[in-house]
Amino acid sequence: AVLWGVYCFVALFVIVIVLVGPTSTGPIGKVHDGLCGCLSRSRKSMRWLFGAACCERLEGCEDYVCWQPNPLLAGCYVAIMLAFAFSIVRFLYPLVPNARVGEIHKPLSLA
């Protein structure tokens, strides 16, 4: 169960870097440049391998996903938040009450 949580955390971290990185100039932006910059540096070889039409379609998808407001990105954010809320209710809610958190916190956590 712990290993599954680590995998989910790493996947969520990579998703946040890919989605938020282009707008950041801090550490997340630098990690995004290192992670996604290889795509921009490999356009010449991609064009040679897959052809110009395929590369133009990929660039159109990149423009839509990364540089324009779109429902796909909003859907990803909503999915991340719902997954986080589900995880809290599924895994942490049954642990209340315990030695450190009293019974009063169980109904209050649903508000």
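Predicted model: local features only at pLDDT ≥ 70, side-chain atom pairs only at ≥ 80, totals over all residues.
1. The number of disulfides comes to zero, and for C8, which takes part in none, the nearest cysteine sulfur is that of C76, 15 Å away, whereas a disulfide would need the two sulfur atoms within 2.5 Å. C8 is itself partly exposed, with a relative accessibility of 34%.

2. A search of the whole structure for aromatic pairs returns two. In one of them, the ring centres of W4 and F91 are 6.1 Å apart and the planes stand at 55°, so the pair is classed as tilted. Because W4 belongs to helix α1 (residues 2-20) and F91 to helix α5 (residues 71-92), this contact ties together parts that are 87 residues apart in sequence. W4 is exposed at 52% relative accessible area, while F91, at 41%, is partly exposed.

3. F9 and F13 form a stacked aromatic pair, with 6.5 Å from centre to centre and 20° between the planes. Both residues lie in helix α1, four residues apart, or about one turn of the helix. An α-helix has 3.6 residues a turn, so residues three or four places apart point the same way. With a relative accessibility of 58%, F9 counts as exposed, and F13, at 45%, as partly exposed.

4. Helix α3 (residues 43-50) deserves a separate remark: of its eight residues the number buried is zero, so the helix lies largely in the open. Just after α3, G51 adopts a positive phi of about 95°.

Note on methods. Residues numbered from 1 in each chain as written. Heavy atoms only, no water. Buried < 20%, exposed > 50% of the residue type's maximum accessible area, 1.4 Å probe, protein only. Helix = DSSP H or I, 4+ residues; strand = E, 2+ residues; numbered from the N terminus. Phe/Tyr/Trp six-rings, centres within 6.5 Å; stacked < 30°, edge-to-face > 60°.
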